Amino acid sequence: MMYSSRRKPVLYFKEDRSLLSRFFTGKCTVFKLFGLCLLLVVGSLLWLQLSCSGDLGHSTVQAEGRALQHPAQAQAQAQQPCPHDKPTPGQDNPAWGPHKMALIIPFRERFEELLVFVPFMHNFLNKKRIRHKILVINQVDHYRFNRASLINVGYLESGNDTDYVAMHDVDLLPMNEALDYGFPEEGPFHVASPELHPLYHYKTYVGGILLLTKQHYQMCNGMSNRFWGWGREDDEFFRRLKTAGLQLFRPNGIKTGYKTFRHIHDPAWRKRDQKRIAAQKQEQFKVDPTGGLTTLRYTLEARQELSISGAPCTVLSAKLECDLDETPWCQFS
């Protein structure tokens with residue numbers, strides 16, 4: 001009998017020996033369990049990073065009004081890095097001590113910096129167990145920026161629940177947790193000393209961050225209201241401290257030098273008003289013997305409670321008044 005040598009066709013499949021296929025087939029081993037855990041951890045970290053970027057890109061700023069909105073807000077928010085720590089509650093925990101700070105921020109149209117500053121400082125002070133409330137003094141009039149007058153407003157509006165103030169620039173972040181923000185009982189405490197500030201290093205500099213008890217600030221009659229535009233008000237206040245007989249203290253034992261603070265101001269994006277108009281060039285170096293808290297004139301337009309990335313702050317919209325006979329340089333040329 002003749003048999004055909006022709007065989008039935010057989011389909012051959014190439015065995016898939018890829019690493020992924022071998023990983024998910026076969027017996028369960030310790031190696032496979034470890035790999036799965038590692039994948040879950042990496043995936044979770046990636047998801048958190050994407051969520052953080054999205055949250056900051058659409059930062060939740062809850063307010064009753066919109067006086068602080070700025071056209072560059074969306075662009076600036078997208079550039080902000082994710083915070084390492086979420087703000088923690090407890091800015092007014094009585095267990096932290098009897099003293100409470102009014103953190104005063106003179107402010108105008110620097111919303112992108114405020115979005116970074118408020119949650120950063122709230123978290124920084126909570127870690128140091130410093131009772132505090134953050135006051136953003138927002139200048140809403142049409143005159144030139146007056147940092148000193150805004151700090152005077154912050155002092156007067158800080159309430160009876162605080163007993164010392166921190167005059168704090170919105171673009172200066174402390175990066176060393178050893179810096180002291182406690183109650184300056186012995187005298188004014190200049191946190192951003194010339195040895196540590198990234199930009200200003202002359203001996204009589206008292207700007208950036210300065211802590212004073214309310215009693216000491218009252219003894220100086222606050223700051224002069226004559227300084228419209230950027231600069232010089234701190235130099236005049238240094239003379240007031242001396243006139244009041246107050247000793248100035250500065251940090252000791254800080255080893256981080258000019259890296260102690262992070263300066264987040266971008267001069268290319270927001271230029272400072274450094275013009276000297278009319279007699280301002282001569283007047284800027286003079287001492288103001290009578291002006292200060294007693295001569296301050298302003299109207300409080302609004303008080304708004306905000307939460308920026310979970311950090312609470314109060315925005316006080318202040319409309320300053322200007323005596324054109326005394327300081328005609330308060331107006332833009």
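A salt bridge here pairs a side-chain nitrogen of Lys or Arg with a carboxyl oxygen of Asp or Glu within 4 Å. The views below come from a predicted model.

**View 1. A salt-bridge network links Asp92, Lys100, Arg131, Lys133 and Asp161.** Asp92 bridges to Lys100, with the closest N and O atoms 3.2 Å apart. Asp92 is partly exposed, at 37% relative accessibility. Lys100 is buried, at 5%. Asp161 and Lys133 form another bridge, 3.0 Å from N to O. This pair links distant parts of the chain. Asp161 is partly exposed, with a relative accessibility of 38%. Lys133 is also partly exposed, with a relative accessible area of 22%. The whole structure holds 16 salt bridges.

**View 2. Arg131 reaches a backbone oxygen.** Arg131 belongs to the salt-bridge network of View 1. Its place is the loop between helix H4 (111-127) and strand S3 (132-139). The side chain of Arg131 comes to 3.0 Å from the backbone oxygen of Gly97. How accessible is Arg131? Its relative accessibility is 14%. The cut-off for buried is under 20%, so Arg131 counts as buried.

**View 3. Arg108 and Asp141 meet in a buried salt bridge.** The N to O distance is 3.5 Å. The two partners come from distant parts of the chain, 33 residues apart. Arg108 lies in the loop between S2 and H4. Asp141 lies in the loop between S3 and H5. Both residues are buried.

**View 4. Two non-glycine residues have positive phi.** Glu109 has a phi of about 55 degrees. Its loop runs between strand S2 (101-107) and H4. Glu109 is partly exposed, with a relative accessible area of 48%. Arg129 has a phi of about 60 degrees. It is found in the loop between H4 and S3. Arg129 counts as partly exposed too, at 47% relative accessibility.

**View 5. Helix H5 is largely enclosed by the rest of the structure.** H5 spans residues 147-156. Why is it described as largely enclosed? Nine of its ten residues are buried. The buried residues are Arg147, Ala148, Ser149, Leu150, Ile151, Asn152, Val153, Gly154 and Tyr155. Asn146 caps the N-terminal end of the helix. A side-chain oxygen of Asn146 lies 3.4 Å from the backbone nitrogen of Ala148. Tyr155 also takes part in a contact between a charge and a ring. The charged end of Lys214 sits over the Tyr155 ring, 6.0 Å from the ring centre.

**View 6. Tyr164 and Phe183 form an edge-to-face aromatic pair.** Eight aromatic pairs are found in the whole structure. In this one, the ring centres are 5.4 Å apart and the planes make an angle of 85 degrees. Tyr164 lies in strand S4 (residues 164-168). Phe183 lies in the loop between strand S5 (172-174) and strand S6 (189-190). The pair therefore ties together parts that are 19 residues apart in sequence. Is the Tyr164 side of the pair buried or exposed? Tyr164 is buried, at 2% relative accessibility. Phe183 is partly exposed, at 26%.

**View 7. Phe120, Phe124 and Tyr181 make up one aromatic cluster.**

**View 8. Three leucines form a nonpolar surface patch.** The members are Leu33, Leu36 and Leu39. Together they have about 270 Å² of accessible area. Leu33 belongs to helix H2 (residues 30-57). Leu33 is partly exposed, with a relative accessible area of 44%.

**View 9. Glu301 and Leu316 come together in space.** Their C-alpha atoms are 7.6 Å apart. In sequence, 15 residues separate them. Glu301 lies in strand S9 (residues 298-308). Glu301 is partly exposed, with a relative accessible area of 44%.

Key. Residues numbered from 1 in each chain as written. Predicted model: local features only at pLDDT ≥ 70, side-chain atom pairs only at ≥ 80, totals over all residues. Heavy atoms only, no water. Buried < 20%, exposed > 50% of the residue type's maximum accessible area, 1.4 Å probe, protein only. Helix = DSSP H or I, 4+ residues; strand = E, 2+ residues; numbered from the N terminus. Polar contact = N/O pair within 3.5 Å; in protein donor to acceptor, adjacent residues only side chain to side chain. Patch = residues over 30% accessible without salt bridge, like charges linked within 9 Å, V, L, I, M, F, W, Y side chains within 5 Å. Areas by Shrake-Rupley, 256 points an atom, 1.4 Å probe, with all protein chains shown as cover. Phe/Tyr/Trp six-rings, centres within 6.5 Å; stacked < 30°, edge-to-face > 60°. Lys NZ or Arg CZ within 6 Å of the ring centre and 35° of its normal.
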